[in-house]
Amino acid sequence: SAPSSSFGLGVAGASGPEASPGIRTLLRRFKSVGALYFRSDRARRAQRQAVLLLVLSILKTAVGVVFSYIQKGYMTALTEKDVPLFYRHLLYVLGLIVVAAPLYAYFAYERGMLALEWRDWLTRHLLGKYFANRKYFDLQRGLAGDLDNPDQRICNDVASYVSVTAELAVVLVEKVLNILAFSSVLVSVDVRLMVVLVGYAVFGSYVTTRLFGRKLMVLHNSALQQAADLRFALIRVRENAESVAFYRGETTEERGGLALLGLLVATLKEQVLWRRHLTLFTTCYHFATFAVPSLVTAPLYFAGKVEFGTISQVSMAFHVVMDALVLVVDRLGELSAFSAETDRIYALLGALAAPRHADGSTGGILYAEAQTVSMSNLTLRTPNGVQTLADGLSVHLQPGESLLVMGPSGSGKSSLLRALAALWTDGAGTVTTPPHEDCFFLPQRPYMPHGSLRDQLLFPASLQRRVREE
């Protein structure tokens, strides 16, 4: 199943198999998700880190340009057998290493810290939304849209999304800087190098995205969902182990797990097949680039118009700019994962922000606080509005009074308690209860949180605070 509800963009959700979004939709969703961190309470630090990474990227590019000229010098010295010039340029290389090594190390550290702090903030943000207003209950009951595996989206997809986003953003900046810096080297030798380079890069990017891009994105998304379904099935067996054992249902559960595994393996096999096709194309594409710069610079060298070192410098500049222009070709696998994870986190944010009811209402039942428990002219419907469980029900309990609700299974006894707890609010009428901190509901299925015996007895945390205060 695939959600997708908007959180501020007004995009309607949908159910059914998740499809890969178009590039414009993907960029819009990426902007919506990514902007959250850079507009948060940590915005200043995030922006400082981004500016610092930009400065470090500029310095890395400058190091690369300087190295291309050093390479040109010592290659020319080799062809002219100029020993002093050769060793002087080798000393330049050693000096450049002294500068480049700490620069590259610090750059990697800052990029990792940005990704880590971004992940920390986004996970906290999602957890806050997940537990606010009992959204976890709405998602589990399907009251906030058809969204699969929110736990995986919070734990796994966030980590992968932030890591890939931070890396791709840095790589994109570096590629743009490389294009600006090394294009001047190519144009200074022969403008035809840039014309050939741009045409070749456009051809490779177009073929890659049209033939492989969308298919790999869809397969990656399907694999994520199927892996999550398999994990969820195993978690359900673990949480209900005694019930499954009483029913002797392990064989049926095993068959169900193997069926889910079969779907996942089939998707992964198709993914491997398409990656093979992509590797075949990219290998041919990249090997062909070794001949392209030589076809332009070799005639110039034979005519005596350029030095031999210029050929090596042009070859380096050509491949640096080519790598920048064919980012889509080289990173298609990461972009496929990035698309799927962006879509899943965007859908989760949309579901967490969406009201329980499409019209933004609370459902119709009004709630008030008093030291009594009462229902006045209560009409209770199921969350989907299909079935009416109670119509015109009124009851009033004073402090010290008790009420036993009886009826056959499915008559709405538990639903009545859900209405009292404001879990189900579809209907009409008024419900009055004491304040939430003075009420205690005992669910049909017991729940034991992780912690000590004291934690079990005093759950939830609000009750613990009250006990400490008393």
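Thr382 sits in the loop that links β2 (373-381) to β3 (388-397). In this predicted model, Thr382 is buried, with a relative accessible area of 12%; buried here means under 20%. Leaving aside residues up to four places away in sequence, Thr382 touches Gln387, Leu389, Trp424 and Asp426.

The helices are next. The axes of α3 and α5 come within 9 Å and cross at roughly 145°, and the crossing of α3 past α5 is right-handed. On the α3 side, the contact is made by Phe107, Arg111, Ala115, Trp118, Arg119, Leu122, Thr123, Leu126, Leu127 and Tyr130. The residues that α5 brings to this contact include Pro150, Ile154, Val158, Tyr161, Val162, Thr165, Glu167 and Glu174. Sorted by class, the contact of α3 with α5 holds 16 nonpolar, 2 polar and 4 charged residues.

Several of these names return in the largest nonpolar core, which has 38 residues. Leu122, Leu126, Leu139, Tyr161, Val162 and Leu348 are the members that touch the most other members. At least two residues of this core come from each of α1 (23-38), α2 (43-80), α3 (83-131), α5 (150-189) and α12 (332-353). The largest share, 12 residues, is supplied by α3. In soluble globular proteins, nonpolar side chains tend to be buried together.

How values were computed
Residues numbered from 1 in each chain as written. Predicted model: local features only at pLDDT ≥ 70, side-chain atom pairs only at ≥ 80, totals over all residues. Heavy atoms only, no water. Core = buried A, V, L, I, M, F, W, Y, C linked by side-chain atoms within 4.5 Å. Buried < 20%, exposed > 50% of the residue type's maximum accessible area, 1.4 Å probe, protein only. Helix = DSSP H or I, 4+ residues; strand = E, 2+ residues; numbered from the N terminus. Contact = heavy atoms within 4.5 Å. Axes fitted to C-alpha atoms, helices over the stretch in contact; angles between N-to-C directions. Left-handed = near helix turned anticlockwise from the far one by under 90°. Nonpolar A, V, L, I, M, F, W, Y, C, P; charged D, E, K, R; others polar.
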